[in-house]
Amino acid sequence: MGDERYSISQVARCFGMPVSTLRYYDDLGLLPAAERRGNVRHYGQAELRRLALIRRLHQHGLVSLADTATLIGDDPDRPSGRDVLTGSITAIEQQIDHLRSAQKLLEHLLTCPKADPVRECSQLRAELGQAVDEALASLII
């Protein structure tokens, strides 16, 4: 497994992604320019490892593509990688908080004594009223 080169379609199939995604990553500069044989891009082990890193960072929304580019890029003026990672961790913590809140609501609805909790639950109705009030408050200047 030294100098083997893999076509863009082989890489896409192995990584379970469309060819267009690899082209997009190339266009963004996330992957180094692929070797071309005719009109077909080919990737070696270094590019595949880089692709695996991109997928790992970007998988499940852990790090945005822009932040991934910052983390793996060569721009000397880029923000600190630690700052990018700290921001990503903060965003993940916020997502976790939102998911925990959603879980609590679903658990409440599951145990609500009303026959049709989604339509009849007073707690849900109060939360929805508050959400509407907050949304409308943004219209008031």
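Is Cys 14 buried or exposed? Cys 14 is exposed, with a relative accessible area of 69%. The legends below describe close-up views of a predicted model.

**Figure 1. Overall architecture of the predicted model.** The secondary structure of the protein consists of 7 helices and 3 strands. Along the sequence these elements follow the pattern β-α-α-β-β-α-α-α-α-α. The radius of gyration is 23 Å, well over the 14 Å that the globule rule gives for 141 residues, so the protein is more spread out than a compact globule. The C-alpha trace spans about 65 × 40 × 25 Å along its principal axes. Of the 141 residues, 24% are buried. Among contacts with a separation of 6 or more, 41% are between residues 24 or more positions apart. The protein exposes about 10200 Å², of which carbon and sulfur atoms supply 55%.

**Figure 2. The three-stranded sheet.** The sheet is open and has 3 strands in the order β1-β3-β2, with antiparallel pairing. Strands β1 (6-7) and β2 (35-37) stand at the edges and have a single partner strand each, so one side of each is left without a neighbour in the sheet. In general, strands of a sheet pair through backbone hydrogen bonds, either parallel or antiparallel. Strand β1 pairs with β3 (residues 40-43) in the antiparallel sense over 2 bridges. At one of these positions, Tyr 6 has Tyr 43 of β3 as its bridge partner. Ser 7 is likewise bridged to a residue of β3, namely His 42.

Figure 3. Strands β2 and β3 run antiparallel and are joined by 3 bridges. Glu 35 stands opposite His 42 in β3. His 42 is also the bridge partner of Ser 7, and this residue therefore has a bridge partner in each edge strand, β1 (6-7) and β2 (35-37). The two strands of the hairpin have 2 residues between them. Gly 38, in the turn, has a positive phi of about 70°.

Figure 4. Leu 30 lies in the loop between α2 (19-28) and β2. Its relative accessible area is 1%, and Leu 30 is buried. What is Leu 30 in contact with, leaving aside its neighbours within four places in sequence? The contacts are Tyr 25, Arg 50, Ile 54, Leu 65, Thr 68, Ala 69 and Ile 72. Leu 30 and Glu 47 are 17 residues apart in sequence, and their C-alpha atoms are 9.8 Å apart in space.

Figure 5. Glu 47 is placed in helix α3 (residues 45-58). With a relative accessible area of 12%, Glu 47 is buried. Once neighbours within four places in sequence are set aside, Glu 47 is in contact with Arg 5, Leu 31 and Pro 32. Ala 52 also lies in helix α3. Ala 52 counts as partly exposed, at 35% relative accessibility. Ala 52 and Ala 115 are 63 residues apart in sequence and 49 Å apart in space, C-alpha to C-alpha.

**Figure 6. Helix α5 and its packing partners.** Helix α5 (residues 81-111) has 31 residues. From its first C-alpha to its last, the helix reaches 45 Å, close to the 45 Å expected at 1.5 Å a residue. Which residues of α5 are buried? They are Val 84, Ser 88 and Leu 109. An α-helix has 3.6 residues a turn, so residues three or four places apart point the same way. The buried residues of α5 pack against α4 (65-72), α6 (117-120) and α7 (122-137).

Figure 7. A disulfide is a covalent bond between the sulfur atoms of two cysteines. The count of disulfides in the model comes to 0. For Cys 121, the closest cysteine sulfur is in Cys 112, at 3.8 Å, too far for a bond. The cut-off behind this assignment is that the two sulfur atoms lie within 2.5 Å. Cys 121 counts as buried, at 3% relative accessibility, whereas Cys 14 is exposed, at 69%.

Notes
Residues numbered from 1 in each chain as written. Predicted model: local features only at pLDDT ≥ 70, side-chain atom pairs only at ≥ 80, totals over all residues. Heavy atoms only, no water. Pairing = 2+ DSSP bridges. Helix = DSSP H or I, 4+ residues; strand = E, 2+ residues; numbered from the N terminus. Buried < 20%, exposed > 50% of the residue type's maximum accessible area, 1.4 Å probe, protein only. Contact = heavy atoms within 4.5 Å. Rg over C-alpha atoms; globule rule 2.2 N^0.38 Å. Areas by Shrake-Rupley, 256 points an atom, 1.4 Å probe, with all protein chains shown as cover. Expected span 1.5 Å × (residues − 1).
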